Structure formats: structure tokens, C-alpha cells
Amino acid sequence: MLTIDHVTKSYGSFTALEDIQLTLSPGVYGLLAPNGAGKTTLMQMIVTLTRPTIGEILWDGVPIEALGSEYRARVGYLPQQFGFYKQYNPEQFLYYIGTLKGISKAQLREQIPTLLEEVALFDVRKKKMKQFSGGMIQRVGIAQALLGQPDILVLDEPTAGLDPKERARFRSILTKLARNRIVLISTHIVSDVESIANEIIMIQNKRIRYAHTVPHICQSLQGQVFEMFVPDDRYLSFASEHLIVSERQQTGGMDIRFITTEPVQGAKEVPPQLEDVFLFEYRDEVER
Ligand SMILES: Nc1ncnc2c1ncn2[C@@H]1O[C@H](COP(=O)(O)OP(=O)(O)OP(=O)(O)O)[C@@H](O)[C@H]1O
């Protein structure tokens, strides 16, 4: 179990995260927040690239700093900017990274073919990566993070730049990988994690806003999400009075999904979704 115990991180006089308190046990965690909220900072502390200014991180009750390399061997990390060698094929690259991680040749021979299968790259294992799509490169990135069979897998915006088909493939791969390990995925795209995360962690104003299941988080907007048709001539005044979460053009007006605490005539209440909560919580930060 990984415990983030009252962690604050400052860069000089700027505080990026404040009093973060989290407990992670095996499962998928979606770290969901707009850019700049501190997702990378939190992940970098978990993978020991940077240290908390205040507080500490513990693995099964022991501070990770005290565990040193023993802890780092249990962690797999895919950074936001993942550096790879275009001239290498995935198999060569995994041998190279595995050797740097100190994994024995025998273990690599056993692990690499399985990993390539798991991320659906076995058939292209001998192809140079310069020919690969963004999605294929990200899958190589996951495979390298999985070398050494880590207990904690940290993926920083792994779906950035991927098309919808690759995103779907990614979700199904991650679901399989999450058995018996902690998988922490950061994203600012709700649909990337909504269906696969056991728990969603939202950061707001440098603190944890939510760390809970999707249904539990959605309850926060129960009875406040509505849909209705708004004719063109009423659209502008409606938009200025309500928080619109989505809209679809129709003849003569718009089908609008919106959040309100006041009753609106003709509006139909609908069950809240995670996207509604995300747009509501970050209404001043998210560009729409
Ligand atoms: N080394 C650093 N020195 C100073 N400020 C930093 C440093 N690293 C991050 N920050 C600041 O801390 C805040 C959180 O950054 P962080 O990269 O953790 O956010 P993020 O949620 O991962 O966003 P993104 O997806 O854009 O990376 C930002 O305001 C950022 O400018």
C-alpha cells in the first residue's frame, strides 16, 4: 500500500501541492485535473524524481526514501515526454532499458516477449520505431514501465495525442495490467479514465478535491443536471444564466445539458456523469 502522508510540495516560494493525503492499494486510479494542477508534481514525488517539501510517502508503512533502490525497483514510470531511440526496434529498446534497470538477461528473455504480447506489439517487435504511430510508441512506453514487474505503475498523460481507437485500446490494455498492482494515470480527459478507474482523484487549488469512485463523485451533482431544448432566440440569455456542460445543434435551437440549483421550466433531470462534475468543478479553468 502506498500512502501519501500530508504532502506539500513547493518550488521556491510557489506551492504546487498542499497537504495531499492519499492511500493507494492495487487498482486503477485516474488523476484528473486541468493542465498545471500539479499532476506531474505528484507523480514525480511518487517515483522519487523529486521530494516532498513537507510530509512523506510510505510504501507498506516505510518511508520510500529509507527504502531507496528497493522501492525504485518496485516502480514503473512513463513520463509525459517519453524519450526513445527511433533506430531501435521495441525488442532492442526493452532489452536496453531493462539492462539499465539492472534486470538480469535471463529475466529479460522471459519478460520481454510477454510484455510485447500484452501491449499488442509482438508482431512488430523487429520493426524500427521510427515507423511507429503515436499510439504504438505509447505502448512501447508502457512496456518499458512494466519491465521488472512493478507493484506501482505511474503513467503521466499516456493518452496525449492518441486517436479515439488507440485510446480505447489503451484502456483495455490498462484494465488487464491493473491486477495486483497500483496503476496511477494522469489525464485531463474524463473519458480516458471514467470507465477503467476504480477511483478518481481530482486536484483543485493545490489540494485533493475528490478521491473516490465515479458513482460517489457523481452524487455531488445529484438533482442538479438537466437537459432541455432552447430555441435560438433564447440561447444567449440562457447561456449567461446557466452553466452549460454540453450542447447539440438542432433545427431552430439547441439541445442543452446544464447544471442548475434552481428549477427551470421544461427541463428534464438527468443522472450526473463524471464529465458534468469535471466541468462544474473546473468551470473557471477549463477552456470550452
Ligand atoms: N520545477 C519547477 N519549478 C517551478 N515551478 C514548477 C516546477 N514544476 C512545476 N511547476 C509548477 O507547478 C505547477 C504544477 O505543475 P505540474 O507540471 O505538476 O502540473 P500538471 O497538472 O502535471 O500539468 P501539465 O499536464 O501541464 O504538466 C504549475 O504551476 C507549474 O508551473
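## Packing of H4 and H5

Helices H4 and H5 are oblique to each other. The model described here is a predicted one. H4 spans residues 90–100 and H5 spans residues 105–118. The two helices pack at an angle of about 135 degrees, and their axes are 10 Å apart. That angle falls under oblique because roughly perpendicular covers 65 to 115 degrees and roughly antiparallel begins over 145.

The crossing in which H4 passes H5 is right-handed. On the H4 side, the contact is formed by Pro90, Glu91, Leu94, Tyr95 and Gly98, while H5 contributes Leu108, Ile112, Leu115 and Leu116. Sorted by class, these residues comprise 7 nonpolar, 1 polar and 1 charged.

## Packing of H4 and H6

H4 also packs with helix H6, which runs over residues 134–146. Their axes come within 10 Å and cross at roughly 30 degrees. Angles under 35 degrees count as roughly parallel, and H4 and H6 are therefore described as roughly parallel to each other. This crossing, too, is right-handed.

From H4, the residues in contact are Pro90, Phe93, Leu94 and Ile97; from H6, they are Val140, Ala143 and Gln144. The contact of H4 with H6 contains 6 nonpolar residues, 1 polar residue and no charged residues. Pro90 and Leu94 of H4 take part in the contact with H5 and also in the contact with H6.

## Surroundings of the ligand

The shell around the ligand consists of Tyr11, Phe14, Ala16, Ala33, Asn35, Gly36, Ala37, Gly38, Lys39, Thr40, Thr41 and Glu157. By class, the shell has 5 nonpolar, 5 polar and 2 charged residues.

Two elements, strand S2 (14–24) and helix H1 (39–46), each provide at least two residues of this shell. H1 gives the largest share, with 3 residues.

## Division of the chain

The chain is divided into two domains: domain 1 covers residues 2–218, and domain 2 covers residues 223–271. Taken over C-alpha atoms, the centres of domain 1 and domain 2 are separated by 38 Å.

Methods. Residues numbered from 1 in each chain as written. Predicted model: local features only at pLDDT ≥ 70, side-chain atom pairs only at ≥ 80, totals over all residues. Axes fitted to C-alpha atoms, helices over the stretch in contact; angles between N-to-C directions. Helix = DSSP H or I, 4+ residues; strand = E, 2+ residues; numbered from the N terminus. Left-handed = near helix turned anticlockwise from the far one by under 90°. Contact = placed C-beta atoms within 7 Å. Nonpolar A, V, L, I, M, F, W, Y, C, P; charged D, E, K, R; others polar. Domains from an automatic or database assignment. Near = placed C-beta within 6 Å.
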